[in-house]
Amino acid sequence: MEVYKLNDTAKLFHLNADQSKKLLDNNIIPNIKKSSPTRDTYHVPQLLVDYALEKLGMQKAKEFKKFHIDENTLDAFKNKNGVKVISFSNLKGGVGKTSIAANFAYNMALLNKRVLLVDMDSQANSSRYFANRYFTGASIKNLFDKMTRKEEINNDTVKEFIIPIEFDNATLNLLPSELSLGRIVEFSRSVFTMPHKKLNDVIKLVKDEYDFIVIDTPPSTGLSLHMALFASDYVSIVTDAEDFSVNGLSELNLEIKEIIDETDHIVKVDSIFINKVKKSNIHGVYIEAIANLAVSENIQNVFTVKDSTRFKESQNLHIPLIEYKKELEKKLVTVDSILSYAVEKALEA
Ligand SMILES: Nc1ncnc2c1ncn2[C@@H]1O[C@H](COP(=O)(O)OP(=O)(O)OP(=O)(O)O)[C@@H](O)[C@H]1O
Ligand SMILES: [Mg+2]
C-alpha cells in the first residue's frame, strides 16, 4: 500500500507544506502522526487519502486547494445517522475476534469517530489489548452486578467504568471486562425475565456519546453472546481458513437467525474476516467455501487477513497494529482489510 509523508501529501493535494500540515493536524486528512521534540512525521496511507476525498465529496485531491477549515468542514466528518453497534463474533475460539475487533475499533477512532470498545468476554483480552492492566472490580461486571441487585444505573454509573485510552492520534474508550463477568451474566438469568436485553440497556445509557460501539464477544453460544447480538446492528464474523470453520459459520448464522426470530431485533451479518491466512492450497479451498457461503447468505464483505507475527507483537506491546511504526508500509499490509472495513463503515455514517 502507498504511504505518503508530509511533502508527498502536500504534492498530492496540490498544497504547500503549511496548508497540508493544517489539514493533517486537524485530521481532515486522517493520518498516522508521530510526534518528536524536533519534528512531526505524518504518514497517510492511500486508504485514508481516499477516505478524506470521499468524506468531503471531492473527486480529486486537487480540489482541496479551495478548501477552508471551519466549523462546517469539521462537521462534515461527524456522524449523521446516529450510533452503530458492531459485534465481532464466532463460536470458535482463538480465530482472532479480539485482535480484529480491537484494531477495527482503533482504526475507527483514527477516522475521527468517537468509539467505545465493549468487552463482553470474561477472558478480558480486548480490555488488556491496549491497556496494560487488569480491571478486577472496575468492569462491566459491576454494572451487571448492580442491575441484578435492582440498583438503578444511569449515564454517570456507566461512565464510571469507561476508560479513555489515549494514543497520539486518537482516543479509544473502553468498557472493560473481568474474569467473573461470565458468572454474573449467567446469574442474571435467574433475576430477569429478559436477560438478553441487559447489555443493550447499559449501552443505551451512553449511546449518544459515541459514533461507533464495537463489541468483542466470547467464543461460545451463551447469554453473553446473545446480549451482544441483541445490542448490535451488525455482526462481523471472524473465522480462520480451516475445515470446521465452514460448519461453525453456518451454526453461528443459525444462532443469529434464531435471535432475530425470537426477539424481532434485526442484526445484519455484513462481513466475514477470514483470518490467519497462509499461502496454501488447502486455505484456498476453505476461503472459496466461505466466500460461497457468504454469497448464499447475502453477506457483502469477505476480507482475508494474513497470518502474521505482528498481531502478537502488537498485543504484547499494547499498540494498535496501524500505529506500530517500524516498517510501517509492511504493517499496513497486515491491517489493510481491517482499515478498509473501518473506512467503509465510517463512510456509511
Ligand atoms: N492474522 C493473525 N496472524 C497471526 N496470529 C494472529 C492473527 N490474528 C490473531 N492472531 C493471534 O492468535 C491468537 C488468538 O487471537 P485472538 O485472541 O484475537 O482470538 P479470539 O478469537 O479473540 O480468541 P478467543 O476465542 O479466546 O476470544 C492471539 O495470540 C493473536 O495474537
Ligand atoms: Mg477474544
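1. Ligand 1 has 19 residues around it, and K97, T98, S99, N275 and S308 come nearest. Here a residue is near a molecule if one of its heavy atoms lies within 4 Å of it. This is a predicted model: local features need pLDDT of at least 70, side-chain atom pairs count only at pLDDT 80 or more, and totals for chains, interfaces and linings use all residues. Residues are numbered from 1 along each chain as its sequence is written, chains are lettered from A and ligands numbered from 1 in the order written, and side-chain values use heavy atoms, without hydrogens and water.

2. A backbone N or O atom of G94 lies 2.9 Å from a ligand 1 oxygen. For K306, a backbone N or O atom is 2.9 Å from a ligand 1 nitrogen. The side chain of Q315 places an N or O atom 3.0 Å from an oxygen of ligand 1.

3. The protein covers 87% of the 630 Å² of accessible area that ligand 1 has on its own. Such areas come from the Shrake-Rupley method with a 1.4 Å probe.

4. Which elements give two or more residues to the shell around ligand 1? They are α5 (97-110), β10 (268-277), β11 (301-306) and α14 (310-317). Helices (H or I, at least four residues) and strands (E, at least two) are DSSP runs, numbered from the N terminus.

5. Now the strands. An open sheet of 3 strands runs in the order β1-β3-β2, with antiparallel pairing. Its edge strands, β1 (3-4) and β2 (32-34), each pair on one side only. Two strands pair if DSSP finds at least two bridges between them. β2 and β3 (residues 41-45) pair over 3 bridges. K34 stands opposite T41 in β3.

6. β6 (residues 163-166) and β7 (residues 171-175) also form an antiparallel pair, over 4 bridges. A hairpin of 4 residues joins β6 to β7. Which residue is the bridge partner of I165 in β7? That partner is L172.

Definitions and conventions
Polar contact = N/O pair within 3.5 Å; in protein donor to acceptor, adjacent residues only side chain to side chain.
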